[in-house]
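Please keep the structure open while reading.

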Amino acid sequence: MPDTKKFFENLSGAGKCVAVLTSGGDAQGMNGAVRAVVRMGIYVGAKVYLIHEGYQGMVDGGDNIKEATWESVSSMLQVGGTFIGSARCAEFRTHDGRLRAAQNLVKRGITNLCVIGGDGSLTGANLFREEWSGLLEELVQSGKIDEAAAQAHSVLHIVGMVGSIDNDFCGTDMTIGTDSALHRIIEVVDAIMTTAQSHQRTFVLEVMGRHCGYLALVSALACGADWVFIPELPPEDGWEDLMCQKLSENRLRGSRLNIIIVAEGAIDRHGSPISSDSIKDLVVRCLGFDTRVTILGHVQRGGTPSAFDRILASRMGVEAVLALLEASPGTPACVVSLCGNQAVRLPLMECVQMTQEVQKAMDEKKFEEAVRLRGRSFENNLNTYKLLSHRKSDSELPHNGVENSKQGPCRSPFTVAVLNVGAPAAGMNAAVRSAVRVGITEGHKMLAVNDGFEGFSKGQIKEIKWGDVGGWTGQGGSLLGTKRTLPLKKLDKIAEQIRIHNINALLVIGGFEAYLGLLELLAARVSHEEFCVPMVMVPATVSNNIPGSDLSIGADTALNAITDTCDRIKQSASGTKRRVFIIETMGGYCGYLASVGGLAAGADAAYIYEEPFDIRDLQANVEHLTAKMKTSIQRGLVLRNENSNDNYTTDFIYQLYSEEGKGVFDCRKNVLGHMQQGGAPSPFDRNFGTKIAAKAMQWISKRLREFYREDEGRVFANTEDSACLLGMRRRALLFQPVIQLKDETDFEHRIPKEQWWLKLRPLMKILAKYKTSYDVSDSGQLEHVVRLRAKDTDNSTI
């Protein structure tokens, strides 16, 4: 197959002018997007302008449109909001306003516009583009520009990035700002849960989302809320009694608190608003519970952007500049967005039209249609929440065999064991909770194994019930206990425990040891028939080094810990000036945390095992930092993966930098250590853990039915595809036989042979002003918005 790689060095911005503006409501991460557009634009040789105060600044012109420099976006990555300002602009809605805006752009030679905002802002940009040639004609006729200027600027290229905390734009899985808003909500929910527990209170939390319930839905999923109200799917008539019944049942089962989450645009089936106060009054009147209302308001828009939003904004900003460079006169206005972990380009108006269709469906009370139009990520969240939120009574539970009245009495339920293996990772507990509750809903008896395979061999196994996992989503570490011990030397004892407890399936949640353990159990099927049961692994490790999955539970929380620490360190360096920090991250031989953490923190360099470096590279980095100290950005940040090189240790690099930088900058070092494994899980890890474990349990249920031998009255699974890893691959969650992943694994260094995130490394280098090569083979294809069909949700992303 011929090499089809395409590199962006062939794209030049020389002679081109790019402008960037933020419009509509602000969102954390907008500054990261502006920074990426400015730096990528300057990097390729284009002139880049910042348009202050959104469309208003474009209409008013003057000092509102300023040429940007590399330094003008320094220190902006970690700042919330938008430093170039955003304003609602009535004038831009008028023809005369757009005429003035066109004149201001032509005056500066700008024909490439990057707009960061919501659907209203992007629709306005598209209208501006469609009117462009007519606007130039008018300006020529009125003598405000000459014919030559009109010819030279005859085409306006538009690329949009969606900045909105509501995640209300169709065509993208996540909009810039959504993850940060979820961080604010979950911080508040975690704090409220401790006080609610103390006083046995019910809390009603109102979150933003006038027309979209994404924030309410995902925060409900991430904190295990008792009830959620969203505009896309109003509750059925009679919901008041059902909700009160559920709250009451939860209290009777021993819960000391209730959490109800309400989107500000929540309505009932008849279109009447459901307010947080009305819910409070209902709970007090019907149940007499001590109930409080908390309205989060603009707290959700504020604060520093999460690691996810910084990476998303940086990727989208670079992609937007590439899209502008590659645009031809016939290219439609596009929006750069995220699908799974892939950056994609979609026609702007297709996305806007589908977004408007959602509202139309809601107005017409076609609520199921509205949910479907929101996209696979939204629908998957909703289905998982429904699955986990309501405990079925024993009479409602399926007797999970082949249900047929002709086959006589139903047999006892299947028994499924859940265990954590490897180092602890934030989000493991959310995954266990999800697996246990989905398993119980499917009619299984669920067993919890303490302390991994070691505990398994010692018989540290007990039944775990619905109520036992209440409140687990927000807990860090591993409540089941986890060990790195592999099963190979304990096979006989583990097999014995499987017999004693009649275990029919295994769900293993963990890191590389879990993967190795599953391979060992699979190989042992030859000698131990007990291991001939369905087995599935869910990846959970901060290192993100599991073959078969682009992401692991726990990695996002670790990235946020690294980013937060780097922010503080950069702040201390900005006070002392001329200081470089060398920071060591975890990850074993996998450079994910160092590389992606470096991109999120705005690092100057990141040393990793996967990209070999020598003394010349270290010298080049020192020279680069020396040059940087002569600018107004007088600080440096260098990340090093713990096992990146046996000889170029953190101490060695620190001493080298200290010696070579004498008289120019001084150095400090910081080893982050186990703080990367600790802390409360991020919203992403709670959500990812919850959904991936639910999907794994559904797979187990299906496999148990397939492999049940009626004549022998037992489960017997001895095929390759009965021992799988469930991982996220590009845009989908896929079950992959672990035996087939062996060829993709570097066992010596405990990493996959190919890692998708290595393609992000050039972005960090570009944004830190290093000359580098960047493979853009995946870019440039304008895709189309796909309407979701029912079957598409089977492999949907998070």
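## Terms and basis

Two strands count as paired if DSSP finds at least two bridges between them. Helices (H or I, at least four residues) and strands (E, at least two) are DSSP runs, numbered from the N terminus.

This is a predicted model, in which local features need pLDDT of at least 70 and side-chain atom pairs count only at pLDDT 80 or more, while totals for chains, interfaces and linings use all residues. Residues are numbered from 1 along each chain as its sequence is written, and side-chain values use heavy atoms, with hydrogens and water left out.

In strand 8, Ile261 is the bridge partner of Val228. Strand 7 and strand 8 (residues 258-263) are paired in the parallel sense over three bridges.

Both belong to an open sheet of four strands with parallel pairing, in the order 7-8-6-9. Strand 7 (227-229) and strand 9 (291-295) are at the edges and have a single partner strand each, so one side of each has no neighbour in the sheet.

## Helix 8

Helix 8 (residues 239-252) lies across strand 6 (202-207), strand 7 and strand 8. Helix 8 runs at about 150° to strand 7 (axes are lines fitted to C-alpha atoms, for helices over the stretch in contact, meaning heavy atoms within 4.5 Å; angles run from 0 to 180 degrees between N-to-C directions).

## Ala27

Ala27 sits in the loop between strand 1 (17-22) and helix 1 (30-43). Not counting residues up to four places away in sequence, Ala27 touches Gly81, Gly163, Ser164, Ile165, Ile176 and Gly177.
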